[in-house]
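User: Hi! Could you walk me through this protein, starting with whatever I need to know to follow you?
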Amino acid sequence: MAEGRPRLAVWKFASCDGCQLTLLDCEDELLELAGQVEIAHFLEASDAVADGPYDVSLVEGSVSTPADRERIRHVREISRTLVTIGACATAGGVQALRNFADVREFASVVYARPEYVATLARSTPIAAHVPVDFELQGCPIDRRQLLEVLTAFLLGRRPDIPDHSVCFECKRRGTVCVMVAKGTPCLGPITHAGCGAICPAYGRGCYGCFGPSPAWSGARPNTRALLPWLDMTPDETRRVLSTFNVTAFREEREEEQDHDPPA
Amino acid sequence: MTHRHDRTLNVGALARVEGEGAMYVRVRGTRVEEVRLDIYEPPRFFEAFLRGRAHTEPPDITARICGICPVAYQTSACRAIEAACGVTVDGPLNDLRRLLYCGEWIESHALHIYLLHAPDFLGYPGAVEMARDHRDVVQRGLRLKKAGNTVMEMLGGRAIHPVNVRVGGFYRVPSRAELEPLAGILRAALDDALATVRWAAGFDFPDFTHPHDHLALTGDRYPIEGGTPRTGSGRSFAPDAFERHVTEHQVPYSTALHARLDGGGRYLTGPLARYALNRDRLSPLALEAAALAGLGAECRNPFQSILVRAVEVVYAIDEALRLIGAYEPPDRPSVPVPPREGTGHGVSEAPRGLLYHRYALDAAGLITAARIVPPTSQNQAAIEEDLRRFVAGSLHLDDERLARRCEQAIRNYDPCISCSTHFLDLTVERS
């Protein structure tokens with residue numbers, strides 16, 4: 001029935017479902033997309049599951065349990081192209097805050113019987129376990145970027161996802177710089193573009209939910225020069241760099257510590 | 001190995017739910033010996049890592065518990081922290097909060113009705129497959145969902161994890177002119193919502209009622225962004241007494257905790273509970289829709305929760321239109337919330353039910369303890385009891401059909417398993 005159409009699979013690991021929901025939030029494009037591809041495995045949308053292999057697998061969520069560590073290897077084996085979507089899958093997500101703490105102590109705060117809960121000491125991105133073909137950043141990912149990535153892989157080309165920072169999007173949107181004009185701390189200069197610079201448009205500073213920019217060229221912004229300019233206390237800086245992309249912002253956190261060690 | 005009459009049902013991964021879950025049923029002869037809803041969503045430890053964060057951070061952080069109902073997390077968090085700091089957000093700012101939350105109800109209910117639940121009644125594995133035969137219907141559902149998302153995008157900046165919510169109110173409030181285009185979209189959506197009620201009312205519902213007590217917020221208006229917790233048996237208590245009346249306990253097979261009402265035990269939260277306790281606070285149009293759906297003073301058939309959700313969509317659109325019509329921009333986008341030492345409790349009605357947050361703050365406003373009780377874990381015992389009774393009455397079905405009906409029974413609750421710490425894996429063991 002589905003002869004010839006590329007086969008799409010969507011997988012979930014530890015996450016909030018927001019990134020795969022982004023696909024269902026493509027209300028104007030969803031039915032057309034479903035005509036172009038065979039949605040072969042997408043549990044949030046359908047209980048019809050076709051066996052692999054799949055042409056494109058979208059993976060949401062981080063690896064945080066022994067079972068998921070095995071499952072991601074299987075997903076890789078049955079996927080021609082594997083794209084990670086979102087901060088959890090590309091950087092371990094908000095649940096990677098455990099990586100800097102004692103996970104047994106964490107479990108004891110939430111569970112009366114932590115021994116019932118199977119969990120790993122660290123929450124890790126998909127690329128820490130298997131080769132990944134493309135990483136789409138964001139917490140959550142952006143709908144337009146997701147459609148570009150899907151279109152690109154279905155056409156067999158590289159996705160055109162810009163590597164610049166949120167500042168470029170802010171300028172394009174015509175938003176007055178909240179840092180310059182109001183002294184509002186803003187992570188825009190060191191954060192990957194993609195959201196459309198929403199936060200400054202709503203009068204607040206960027207809080208870095210798309211992770212560091214640029215991710216692929218390796219040329220990080222001059223964080224050492226930028227961070228003191230943010231006008232934040234070291235504690236505030238550390239906290240804002242330690243939220244949705246705590247492992248991705250690790251270099252920035254270390255620079256911050258070099259620059260201004262905690263009292 | 002499996003005898004004819006003794007069997008186990010095992011659904012390994014539940015579909016069309018948010019998050020990951022599995023179901024295990026053991027039957028001996030005609031007796032259902034064990035039913036377990038196993039939520040194996042990996043634990044994410046939000047309550048643990050919120051400690052040490054500033055009192056301004058929970059709205060952004062707890063939004064990440066759930067991509068489908070982030071506004072619920074943001075609202076309960078804001079209200080708890082404001083309570084700890086002795087601040088009340090009311091008037092136009094609270095109305096804007098309610099408007100944003102209406103957007104989430106419309107988006108989340110439309111998602112559940114059309115994409116997750118209706119395929120069960122019409123015999124399709126999902127909405128995409130359903131669209132091959134009912135394209136206009138699925139397009140109507142997507143339009144409704146988009147209307148809710150448009151409200152969230154305008155007011156919140158984006159639909160998933162809105163950025164414009166802060167403790168004390170918002171970062172930026174809209175002008176009347178900015179809200180006006182929403183009214184046009186919502187007026188069109190109202191026709192789609194009423195058509196949804198008529199459509200869902202034609203479904204074939206199993207004859208099944210549940211005996212659970214109810215827990216929902218009550219107040220002057222149909223409860224969304226706040227209210228006073230009240231049970232179906234008539235007990236009412238302040239949000240700060242929530243943990244005295246609702247106790248959570250851990251079961252070995254699930255990462256979601258189970259909740260009980262003191263003295264009463266199992267209970268239900270969500271659309272059926274809200275409707276039973278607040279029907280007279282619906283708008284005239286939503287009451288008309290309830291009559292159109294054939295709903296009485298209360299609805300005890302969990303399979304008809306889809307009807308109550310459809311009525312709540314009508315209400316949420318109607319209410320959003322009322323709020324937009326009455327909107328006068330507030331003098332300032334937020335009320336200052338200076339930190340102080342103390343503990344605050346916050347409740348609101350997530351699309352799936354009552355969502356409770358508690359935070360303890362130190363004098364600098366750093367969080368020393370956090371407790372979050374989501375609707376799915378509160379409903380888990382009720383879901384298991386429904387399954388037990390439903391399986392007992394459906395043993396004539398073969399395993400595949402029984403498993404399918406069990407999945408449907410679980411989806412009645414729109415369980416947001418991500419919240420609980422999503423999907424069903426069913427094992428039926430018959431011996």
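Analyst: Happy to! One definition to begin with: a residue counts as buried when its relative accessible area is under 20%, and as exposed when that value is over 50%. Keep in mind too that this is a predicted model.

User: Got it. So is Pro70(B) buried or exposed?
Analyst: Pro70(B) is buried, because its relative accessibility is 0%, and the cut-off for buried is under 20%.

User: Where does Pro70(B) sit?
Analyst: Pro70(B) belongs to helix 3 of chain B, which covers residues 70–84.

User: And what does Pro70(B) touch?
Analyst: Leaving out residues up to four places away in sequence, Pro70(B) is in contact with Ala63(B), Glu104(B), Ala159(B), Ile160(B), His161(B) and Pro162(B). Here is a distance you can check as well: the C-alpha atoms of Pro70(B) and Trp105(B) are 11 Å apart, with the two residues 35 positions apart along the chain.

User: Nice. Let's switch to chain A. How many helices and strands does chain A have?
Analyst: Chain A has 12 helices and 5 strands. The chain is 263 residues long, and 59% of those residues count as buried.

User: What about the surface of chain A?
Analyst: The accessible surface of chain A is about 10700 Å², and carbon and sulfur atoms account for 52% of that. As for contacts in chain A with a separation of 6 or more, 72% of them are between residues 24 or more positions apart.

User: Which residue in chain B has a positive phi although it is not a glycine?
Analyst: Phe45(B) is one of them, with a phi of about 65°. Phe45(B) sits in the loop between strand 3 and helix 1 (46–49) of chain B, and at 4% relative accessibility it is buried.

User: New topic: empty space. How do you even find it?
Analyst: You roll a probe the size of a water molecule over the atoms, and that shows where empty space is left.

User: So how much space lies in the largest pocket?
Analyst: The largest pocket holds about 910 Å³ of space. Its lining consists of 32 residues, and those nearest the centre are Arg204(A), Glu236(A), Thr56(B), Glu57(B) and Tyr171(B). By class, the lining of the largest pocket has 18 nonpolar, 8 polar and 6 charged residues.

User: Which element gives the largest share of that lining?
Analyst: That would be helix 11 of chain A (residues 234–241), which supplies 3 residues to the lining of the largest pocket.

User: And how much space is in the second largest cavity?
Analyst: The second largest cavity has about 120 Å³ of space. It is lined by 18 residues, with Cys16(A), Cys19(A), Cys88(A), Cys139(A) and His161(B) closest to its centre. Helix 1 (18–24) and helix 4 (87–91) of chain A are the elements that give two or more residues to this lining.

User: Last one: why is strand 13 of chain B called largely enclosed?
Analyst: Strand 13 of chain B (residues 367–373) has 5 of its 7 residues buried, so the rest of the structure largely encloses it. Strand 13 pairs with strand 12 (residues 353–361) of chain B in the antiparallel sense, over 6 bridges. In that pairing, Tyr359(B) is opposite Ala370(B). The hairpin of these strands has 5 residues between them, and Gly365(B) has a positive phi near 90° there.

Note on methods:
Residues are numbered from 1 along each chain as its sequence is written. Chains are lettered from A and ligands numbered from 1 in the order in which they are written. This is a predicted model: local features need pLDDT of at least 70, side-chain atom pairs count only at pLDDT 80 or more; totals for chains, interfaces and linings use all residues. Side-chain values use heavy atoms; hydrogens and water are left out. Helices (H or I, at least four residues) and strands (E, at least two) are DSSP runs, numbered from the N terminus. Buried means under 20% relative accessible area, exposed over 50%, partly exposed in between (1.4 Å probe, protein chains only). Contact means heavy atoms within 4.5 Å. Accessible areas come from the Shrake-Rupley method with a 1.4 Å probe; for residues, only the protein chains shown count as cover. Two strands pair if DSSP finds at least two bridges between them. On a 1 Å grid over the protein atoms alone, a cavity is a set of points where a 1.4 Å probe fits but cannot get out, and a pocket is an open set with protein on both sides within 12 Å along at least five of seven lines; lining residues have an atom within 4 Å of a point. Grid points are joined across faces, edges and corners, and a volume is the space filled by probe spheres set on the points. Ala, Val, Leu, Ile, Met, Phe, Trp, Tyr, Cys and Pro count as nonpolar, Asp, Glu, Lys and Arg as charged, and the others, Gly among them, as polar.
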